[in-house]
Amino acid sequence: MSGWHNEQTDGLCEALLALKNKEECYAFLEDVCTIKEILDISQRLAVAKLLDKGLSYSAISRKTGASTATISRVSRCYEYGSGGYGTVITRCGTAPKGGEEKVPKAGRRSDGESQKE
């Protein structure tokens, strides 16, 4: 368990899991986050989805407006983090689409798990 896992963060996770639909989620996020925080988090998820599809940093930056520093941070978390991005991407069913500028996914095994070096 990481140092930031505590009773309050447990409560936040339980609150997120209790939401029943997108409208409830929007309402909760608007109450607990600033609009900028919501937009930043949603941009990071969009970046992770595009990394999962194998797009290059320049293509991701063009599509999302994210800086290369943000893309690099998301990439590190996506490749070597706790697996949260992968779980969400898999469950949201974001399959790669053709015709996009792709680069190989370094550090990924064929089963989708990260290779720790």
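Buried means under 20% relative accessible area, exposed over 50% and partly exposed in between, with a 1.4 Å probe and protein chains only. By that definition the buried residues of α3 are V47, A48, L50, L51 and D52. The model is predicted: local features need pLDDT of at least 70, side-chain atom pairs count only at pLDDT 80 or more, and totals for chains, interfaces and linings use all residues. Residues are numbered from 1 along each chain as its sequence is written, and side-chain values use heavy atoms, without hydrogens and water.

**Helix α3**
- Helices are DSSP runs (H or I, at least four residues), numbered from the N terminus.
- With 18 residues, α3 reaches 26 Å from first to last C-alpha, close to the 26 Å expected at 1.5 Å a residue, where the expected span is 1.5 Å times one less than the number of residues.
- The cover over the buried residues of α3 includes α4 (57-64), α5 (68-80) and α6, with contact meaning heavy atoms within 4.5 Å.
- Just after α3, G54 has a positive phi of about 90°.

**Cysteines**
- The structure holds 0 disulfides, a disulfide being a pair of cysteine sulfur atoms within 2.5 Å.
- The closest cysteine sulfur to that of C25 is in C33, 9.5 Å away, so it is too far for a bond.
- C25 is partly exposed, at 27% relative accessible area.
- C13 also counts as partly exposed, because its relative accessibility is 42%.

Definitions and conventions:
Helices (H or I, at least four residues) and strands (E, at least two) are DSSP runs, numbered from the N terminus.
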